[in-house]
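Look at the sequence and the model below.

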Amino acid sequence: MNNCESEEIVEAANIAISNLLPTKSRSLYDIAYNRFKNENAKNYKSSTLWAQYSMVKSCLIIYDNIDISKFPKLIAFLKRTGDGYQAEISKILTKSEIDRFLSSADDKEFLMIKVGLILGIAGACQTDELVNLTVDDIEDVGSSLIVKFPNTKTKIPRIFVLTDVGNMLELFRKYLSLRPPHVKHKRLFLYYKAGKCSSQPVGKNTMGKIPSVVASYLKLPDVACYTGHCLRRSSATLLADAGVDITTIKRHAGWKSTTVAEGYVENSIENKTKIANQVLVGTTTSAITKTVNVSEST
């Protein structure tokens, strides 16, 4: 083998190694890598340090062939920074608040918000998932909707079923019927005003504000605390309050980690009351939500 061939092989190997980082967030990984080397850890919250540690760990293995997961002192330091730390997390919407909004808010003004809320809660959706949802991803089978997410952040394809509870299917069909015939893209969510849909698709910022719009309408306190994560957290909490086990919650939302899934469940008074009843009275609650995992159905 001559030197040219050897250099080409090395270059090809380096390109292959560099492609191990996530394509979408590669720039963030590089920023974290450089920041970690040059800045003081005291400037950051515990959650930020852990997030950057994960990125830096990947970069160091790829760029410098160093595995910092085997550095016990570093891990101990990161754990100490989390002592007493409480992350700022989104508030959740309760079932009664969701029902109140769906039944009282005027469709002429809030129909798109209602459909986003329904699908977001039913499917434990992330904001990006709702933004990228297309009309082809939803199958109306009459008594229910089958909603598919072929591409998710966790890379686990998901399906969830929305049954005919209340007037939820009616609201979805009403919104879909307002779709202009000349729309060239297939994104489901279009900007909606005064009872009409435009051809412009709804962006991430508008979609992420759905919970705060609902909270504002219901005159709930701390409206700004109802962030885009609210839909996902509310869905997980409603399932937990209904007595659904953590494995089913993980499957429903597409989480791989039990710790992550548990972090999304609000430690609600309703849940604590049910636990108290189970301990003292012996009553139990049955699961009421039906979920399907693509990997299991194919």
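Which kind of link do the side chains of Lys91 and Asp222 meet in? They meet in a salt bridge, 3.0 Å from N to O. A salt bridge here is a side-chain nitrogen of Lys or Arg within 4 Å of a carboxyl oxygen of Asp or Glu. Side chains of opposite charge can pair when their charged atoms come close.

The model is predicted: local features need pLDDT of at least 70, side-chain atom pairs count only at pLDDT 80 or more, and totals for chains, interfaces and linings use all residues. Residues are numbered from 1 along each chain as its sequence is written, and side-chain values use heavy atoms, without hydrogens and water.

**Salt bridges**

The structure holds eight salt bridges.

| Pair | Closest N and O atoms |
|---|---|
| Lys174 and Asp107 | 3.1 Å |
| Glu129 and Arg158 | 2.8 Å |

Lys174 lies in helix H8 (residues 168-177) and Asp107 in helix H6, so this pair ties together parts that are 67 residues apart in sequence. Helices (H or I, at least four residues) and strands (E, at least two) are DSSP runs, numbered from the N terminus. Lys174 is partly exposed, at 37% relative accessible area. Asp107 is buried, at 17%. Buried means under 20% relative accessible area, exposed over 50%, and partly exposed in between (1.4 Å probe, protein chains only). Shared partners join Asp107, Lys114 and Lys174 into one salt-bridge network.

**Around Arg158**

Arg158 sits in strand E3 (residues 158-163). For Arg158, the relative accessibility is 1%. Arg251 is 93 residues from Arg158 in sequence, yet their C-alpha atoms are 8.5 Å apart in space.

**Nonpolar cores**

A nonpolar core is a set of buried Ala, Val, Leu, Ile, Met, Phe, Trp, Tyr and Cys residues joined through side-chain atoms within 4.5 Å. The largest has 46 residues, and Phe101, Leu117, Leu119, Tyr175 and Phe189 touch the most other members. Helix H6 (residues 107-122) gives the most to this core, with 10 residues. A second, separate core of 12 residues includes Ala236, Leu239, Val244 and Ala253.
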